[in-house]
Amino acid sequence: MSRSVVPVHITPHLVPFFFEEFEGIEAMYLNKRVKAAKISTKKPLGRMIRLLIEHSPSPVKPEKFHMYLSVQDREQSKNFFGQFYKCESGKNTWLRLPEVAVQLINDHLEETFRTSMMYFVLGHITENDSGQIRKAVDLFLIKYDLYEHGFENESMRRYYYRVMKEGYLLKKMQHEGQVKHKKKERKKPDPEKIHTISAGQISLF
């Protein structure tokens with residue numbers, strides 16, 4: 001594991017998405033829209049961060065974390081900033097973790113973002129029509145200011161079609177690479193080698 005300890009910055013293009021979708025306290029500050037969203041350590045994201053902290057150089061066990069999100073409107077563009085901080089003994093301090101842990105947290109947020117995009121598009125189309133899909137993707141990009149980050153309708157549609165072709169919306173939670181659909185020929189069971197599998201014995205691979 002990398003020993004470099006850095007602030008837990010959130011990838012900029014994820015900021016407007018979680019700003020809209022996370023419950024939190026919003027305010028205006030110096031021409032910025034800011035939000036503080038509480039992350040309980042009883043929930044998967046909070047538990048993951050807490051476990052990563054317990055293996056960091058300065059382990060602590062706060063009961064909650066906060067995600068700080070900021071969106072600043074400019075004349076020609078917007079500025080997005082996001083970071084995690086911890087609450088401990090009534091004090092708030094920016095959360096710092098090894099680089100590999102910061103990447104893991106952002107990867108988790110990215111998967112949530114990508115999965116949400118797929119369900120957003122599916123929820124806005126009535127049939128597998130390219131025009132409807134293009135419009136749905138465009139709505140998603142506009143809703144979460146993704147054009148500001150260089151996202152394009154065409155590249156997002158290619159991602160959508162690739163996932164739909166593979167047929168598993170949550171496949172990226174399992175492994176990288178494409179899912180192979182080639183069916184294996186079923187062999188007739190050998191009576192001498194038949195054995196019983198008790199309930200609950202499931203193999204995940």
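Which element gives the largest share of the lining of the second largest pocket? Strand β3 does, with five residues. The views below are close-ups of a predicted model.

**View 1. Lining of the second largest pocket.** The volume of the second largest pocket is about 280 Å³. Its lining is made up of 13 residues, and those closest to the centre are Glu23, Ala37, Lys38, Ile39 and Ser40. Two elements, β3 (32-40) and α2 (44-54), each give two or more residues to this lining. By residue class, the lining holds six nonpolar, four polar and three charged residues.

**View 2. Pairing of strands β4 and β5.** Strand β4 spans residues 64-73 and strand β5 spans residues 78-88. The two strands pair in the antiparallel sense, over nine bridges. One of the bridge pairs joins Asp73 to Lys78 in β5.

**View 3. Pairing of strands β5 and β6.** Strand β6, residues 91-94, pairs with β5 in the antiparallel sense. Four bridges connect β5 and β6. Among the bridge partners are Cys87 and Asn92, the latter in β6.

**View 4. Surroundings of Gln83.** Gln83 lies in strand β5. Its relative accessibility is 4%, so Gln83 counts as buried, the cut-off being under 20%. The side chain of Gln83 makes a polar contact of 3.3 Å with the side chain of His9. Leaving aside residues up to four places away in sequence, Gln83 touches Pro7, Val8, His9 and Ile10, as well as His66, Met67, Tyr68 and Trp94. Of these neighbours, His66, Met67 and Tyr68 fall within the residue range of β4, and Trp94 within that of β6.

View 5. Is Tyr85 buried or exposed? Tyr85 is buried, because its relative accessible area of 14% is under 20%. Residues up to four places away in sequence aside, the contacts of Tyr85 include Ala36, Phe65, His66 and Tyr68. Tyr85 also touches Asn92, Thr93, Trp94 and Leu95. Ala36 belongs to the residue range of β3, while Asn92, Thr93 and Trp94 belong to that of β6. The C-alpha atoms of Tyr85 and Arg96 are separated by 8.2 Å, and these two residues are eleven residues apart along the chain.

How values were computed
Residues numbered from 1 in each chain as written. Predicted model: local features only at pLDDT ≥ 70, side-chain atom pairs only at ≥ 80, totals over all residues. Heavy atoms only, no water. 1 Å grid on protein atoms, 1.4 Å probe; cavity = no way out; pocket = protein on both sides within 12 Å on 5 of 7 lines; lining within 4 Å. Points joined across faces, edges and corners; volume = space filled by probe spheres on them. Nonpolar A, V, L, I, M, F, W, Y, C, P; charged D, E, K, R; others polar. Pairing = 2+ DSSP bridges. Buried < 20%, exposed > 50% of the residue type's maximum accessible area, 1.4 Å probe, protein only. Polar contact = N/O pair within 3.5 Å; in protein donor to acceptor, adjacent residues only side chain to side chain. Contact = heavy atoms within 4.5 Å.
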